[in-house]
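Welcome! Let us walk through a protein model together, from its overall build down to a few single residues. Keep the picture at hand while you read.

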Amino acid sequence: MSGCVFCSIVKGEIPAQVVWRDEHAMAFRDIRPQAPTHIVFISCKHIEAFEDLGEEDVDFLKSYARGVREVVRLENIHDGYRIISNNGRDAGQEVPHLHLHLLAGMNLGSMIAISNIDR
Ligand code: AMP
């Protein structure tokens, strides 16, 4: 979708530190990391939020699972990680293109949110 920063990353129009990708999904380092390891997993297709996923997106969901497995291995994450997805205004979703945040490399404590609300 034109004007979408994550679609521009998929097309290679905006640089990103890509750590993994396949035909349905990709993972890159967050530009404003909130943990030593902060990876964003996106859909290559423009999907705005989780509730917009349909039956036709099952291959993308399989890619998501494969991508997390691969990134955990590639990033040598052995002590755990947290996955968060902001959807919509109340969650503070800044980029309206479906994504997961993977955070690791520190004790994540009881923090269960990641958003731009407190930034
Ligand atoms: P959210 O608030 O869940 O929509 O998070 C969007 C995330 O995308 C934020 O953590 C941003 O730091 C990150 N982000 C925005 N633009 C870029 C970019 N060009 N490269 C990498 N990460 C980005």
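## Overall size

With 119 residues, a compact globule would have a radius of gyration near 14 Å, and the chain has 14 Å, so the two agree. The radius of gyration is taken here over C-alpha atoms, and the globule rule is 2.2 Å times the number of residues to the power 0.38. Along its principal axes, the C-alpha trace spans about 35 × 30 × 30 Å.

Before going further, please note that this is a predicted model, in which local features need pLDDT of at least 70 and side-chain atom pairs count only at pLDDT 80 or more, while totals for chains, interfaces and linings use all residues. Residues are numbered from 1 along each chain as its sequence is written, and side-chain values use heavy atoms, with hydrogens and water left out.

## Helices, strands and contacts

How many helices and strands does the chain have? There are two helices and five strands, and from the N terminus on they follow the order α-β-β-β-α-β-β. Both kinds of element are DSSP runs, numbered from the N terminus: helices are H or I with at least four residues, and strands are E with at least two.

Now for contacts, meaning heavy atoms within 4.5 Å. Among contacts between residues at least 6 apart in sequence, 57% join residues at least 24 apart.

## Inside and outside

Buried residues make up 43% of the 119 residues. A residue is called buried under 20% relative accessible area, exposed over 50%, and partly exposed in between (1.4 Å probe, protein chains only). The chain exposes about 7,000 Å², and carbon and sulfur atoms supply 51% of that area. Accessible areas come from the Shrake-Rupley method with a 1.4 Å probe; for residues, only the protein chains shown count as cover.

## Charges and salt bridges

The chain carries 12 positive and 17 negative side chains, and the centres of the two sets lie 4 Å apart. Lys and Arg count as positive and Asp and Glu as negative, while His and the chain ends are not counted. The place of a charge is taken as NZ of Lys, CZ of Arg, CG of Asp or CD of Glu.

A search of the whole structure finds seven salt bridges, each a side-chain nitrogen of Lys or Arg within 4 Å of a carboxyl oxygen of Asp or Glu. In one of them, Arg29 pairs with Glu75, with the closest N and O atoms 2.8 Å apart. This pair links distant parts of the chain: Arg29 sits in strand β2 (residues 25–29) and Glu75 in the loop between α2 (58–74) and β4 (81–84), 46 residues apart. Arg29 counts as partly exposed because its relative accessibility is 31%. Another salt bridge joins Lys11 and Glu13, where the closest N and O atoms are 4.0 Å apart; both of these residues are exposed. Arg89 and Asp90 form one too, at 3.7 Å between the closest N and O atoms. Arg89 is exposed at 76% relative accessible area, and Asp90 is exposed at 70%.

Is Ala27 buried or exposed? Ala27 is buried, because its relative accessible area is 0%. You will find Ala27 in strand β2. Leaving aside neighbours within four places in sequence, the contacts of Ala27 include Trp20, Ile39, Phe41 and Val71. Val10 is 17 residues away from Ala27 along the chain, and their C-alpha atoms are separated by 10.0 Å.

Cys7 lies in helix α1 (residues 5–10) and counts as buried at 5% relative accessibility. Not counting residues up to four places away in sequence, Cys7 touches Met1, His46 and His97. From Cys7 to Arg29 it is 22 residues in sequence and 15 Å in space, C-alpha to C-alpha.

Asn76, in the loop between α2 and β4, has a positive phi of about 55° although it is not a glycine. Asn76 counts as exposed, with 54% relative accessibility. Gly92, in the loop between β4 and β5 (99–104), counts as buried at 9% relative accessibility. The C-alpha atoms of Gly92 and Ser43 are separated by 19 Å, and these residues are 49 apart along the chain.
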